[in-house]
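Please consult the sequence and the 3D structure while reading.

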Amino acid sequence: MSSKKNDVYLGLHKSIISGEIKPTEIINEGDLAQRYSVSRTPVREALLHLVADGLLTAVPRAGYIVTPITIQDVQEAFHLREILEIEAVRLATPHITEKELAILEKNKIGIPPELNPPYNREFHSVIARASGSKRLSRLISQLLDEMERIIIYDPFINHPPDSEEHQKIIDALRVGDAGSAQIAMLGHLRSVQSRVLERFK
């Protein structure tokens, strides 16, 4: 990927994932070329890459539209998270270190509120890496990329009342109880899904 294309791609990717550029918003190739002070070629290449990522949809004679998030998207994403992260926490239980547990404690809640999405991502990423499976960790990381647009709809992330859900996972990991860790992870993921779907309604 050329540096110019990469700059445009990363800038747009971050803006879409963070919600700065909203779902259904139209993106114009010419406007982006001016914004990034580049020709249309790297902009077009970056946009096509984002189409391949599923973040944009090409619309004839209109440009590109930011792909909306549907209820089906939410349900499918959380279904995959359940499959992957419940297995990850099982594998991580016998191997997780005190240092990793300390990172989980630090990242179970983000203060101030605007830090919560990256704190939440790091919490789940630490467990994925502790699983010892590079492929599983990579798949979870890719899924967390896709999930960021969804997670911003979770009121717990933006204004967390407490960290009880994450704490249950930490407690089970600390005593080496894989079954309880899996149950806690499942409960957490389903709780988040329920809150997100409620916001979508």
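The crossing of α4 and α10 is right-handed; a crossing has this hand if the near helix is turned clockwise from the far one by less than a right angle, and is left-handed if anticlockwise. This is a predicted model, in which local features need pLDDT of at least 70 and side-chain atom pairs count only at pLDDT 80 or more, while totals for chains, interfaces and linings use all residues. Residues are numbered from 1 along each chain as its sequence is written, and side-chain values use heavy atoms, with hydrogens and water left out.

**Helix pairs**

Two packed helices are described by the angle between their axes and the distance between the axes. Axes are lines fitted to C-alpha atoms, for helices over the stretch in contact, and angles run from 0 to 180 degrees between N-to-C directions. Helices are DSSP runs (H or I, at least four residues), numbered from the N terminus.

| Pair | Angle | Axes |
|---|---|---|
| α4 and α10 | roughly 165° | within 9 Å |
| α9 and α10 | about 165° | 8 Å apart |
| α1 and α2 | roughly 110° | within 11 Å |

The helices α4 and α10 are therefore roughly antiparallel to each other, a term for angles over 145 degrees. In their contact (heavy atoms within 4.5 Å), the residues of α4 include Phe78 and Ile86, and those of α10 include Met185 and Leu189. The contact of α4 with α10 divides into 14 nonpolar, three polar and five charged residues. Here Ala, Val, Leu, Ile, Met, Phe, Trp, Tyr, Cys and Pro count as nonpolar, Asp, Glu, Lys and Arg as charged, and the others, Gly among them, as polar.

Helix α10 (residues 178-200) also packs with α9 (residues 164-174). These two helices, α9 and α10, are therefore roughly antiparallel as well, but the crossing of α9 and α10 is left-handed. Among the residues in contact are Ile169 and Leu173 of α9, and Ala184 and His188 of α10. Seven residues of this contact of α9 with α10 are nonpolar, four polar and three charged.

The helices α1 and α2 are therefore roughly perpendicular to each other, a term for angles of 65 to 115 degrees. Asp7, Val8, Gly11, Leu12 and Ser15 in α1 meet Leu32, Arg35 and Tyr36 in α2.

**The largest pocket**

The largest pocket has a volume of about 410 Å³. A pocket is an open set of points on a 1 Å grid over the protein atoms alone, where a 1.4 Å probe fits, with protein on both sides within 12 Å along at least five of seven lines; lining residues have an atom within 4 Å of a point. The volume is the space filled by probe spheres set on the points, which are joined across faces, edges and corners. Of the 18 lining residues, Asp53, Gly54, Leu55, Glu146 and Arg149 lie nearest the centre of the largest pocket. Helix α7 gives the most to this lining, with six residues.

Technical notes: Angles under 35 degrees count as roughly parallel, over 145 as roughly antiparallel, 65 to 115 as roughly perpendicular and the rest as oblique.
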